[in-house]
Amino acid sequence: MSSTPQPRRGNTRQRIQDVALELFAEQGYEKTSLREISEKLDVTKAALYYHFKTKEDILTSIFEDLNRPVEELIAWGREQPRTLETKKELLGRYSEALTKAAPLFRFMQENQATVRDLSIGNTIKGRVLGLIELIRDDDAPLVDQVRCFSALFTMHAGMFALKDVEGDPEDKRKAVLEVAVDLVTQAHAPGSDQ
């Protein structure tokens, strides 16, 4: 399992997150029980409860840990000038954050209905809207606003669409990023709505 991080010894909370995410991805969130997670970890259910009371608590903690760089990126972006260079930097950093959180984002893609029903659904939506707010200009022509939305969603879709395509993962990440940057650059260019 090259996409799932190796559980880290000595950090029970992290080991629980790693094993839970692996089981959620293999079996689905709904079909995975806390008992199965504790059995795979070879710990008692009480030991698991010490760290997390519910599966949603585990998933929320995974999401928060892996998405912290996105929160920090949005905060950074809000303090920067709305230049093309800033937008390119945002996309580059977001691409790296997506790569680091790939197992979680794959799980979310495959379990969209579950994620939407959980508390993290609104958080995810808010973060995506926060990123869109930073790369598009409210007064831009509609076609340029669409280009900016499309740039962000290209990054999400590219992560999934290219996962089974032959090639170096870093080359695939760079190709997706290049297309996203091209879209934002085109939207930023004067008279780009022509």
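The model is predicted, so local features need pLDDT of at least 70 and side-chain atom pairs count only at pLDDT 80 or more, while totals for chains, interfaces and linings use all residues. Residues are numbered from 1 along each chain as its sequence is written, and side-chain values use heavy atoms, with hydrogens and water left out.

**Exercise 1.** Find where Phe-52 lies and state whether Phe-52 is buried or exposed.

Solution. 
- Step 1: Phe-52 sits in the loop between α3 (45-51) and α4 (55-78). Helices are DSSP runs of H or I with at least four residues, numbered from the N terminus.
- Step 2: Phe-52 counts as buried because its relative accessibility is 5%; buried means under 20% relative accessible area, exposed over 50%, and partly exposed in between, with a 1.4 Å probe and protein chains only.
- Step 3: Beyond the neighbours within four places in sequence, the contacts of Phe-52 (heavy atoms within 4.5 Å) are Arg-13, Ile-16, Gln-17, Asp-57, Ile-58 and Ser-61.

**Exercise 2.** Describe the span of helix α5 and what covers its buried residues.

Solution. 
- Step 1: α5 covers residues 84-100, which is 17 residues.
- Step 2: From first C-alpha to last, α5 reaches 25 Å, close to the expected 24 Å. The expected span is 1.5 Å times one less than the number of residues.
- Step 3: Buried residues of α5 include Leu-84, Lys-87, Leu-90, Leu-91 and Tyr-94.
- Step 4: The cover over the buried residues of α5 includes α4, α6 (102-110), α8 (120-135), α9 and α10 (169-188).

**Exercise 3.** Describe the largest cavity and its lining.

Solution. 
- Step 1: The whole structure holds two cavities of 30 Å³ or more. A cavity is a set of points, on a 1 Å grid over the protein atoms alone, where a 1.4 Å probe fits but cannot get out, and lining residues have an atom within 4 Å of a point. Points are joined across faces, edges and corners, and a volume is the space filled by probe spheres set on them.
- Step 2: The largest cavity has about 50 Å³ of space.
- Step 3: Its lining is Leu-90, Leu-91, Tyr-94, Leu-131, Leu-134, Ile-135 and Leu-152, with α5 and α8 each supplying at least two of the residues.
- Step 4: By class, this lining has seven nonpolar, no polar and no charged residues. Ala, Val, Leu, Ile, Met, Phe, Trp, Tyr, Cys and Pro count as nonpolar, Asp, Glu, Lys and Arg as charged, and the others, Gly among them, as polar.

Definitions and conventions: 1 Å grid on protein atoms, 1.4 Å probe; cavity = no way out; pocket = protein on both sides within 12 Å on 5 of 7 lines; lining within 4 Å.
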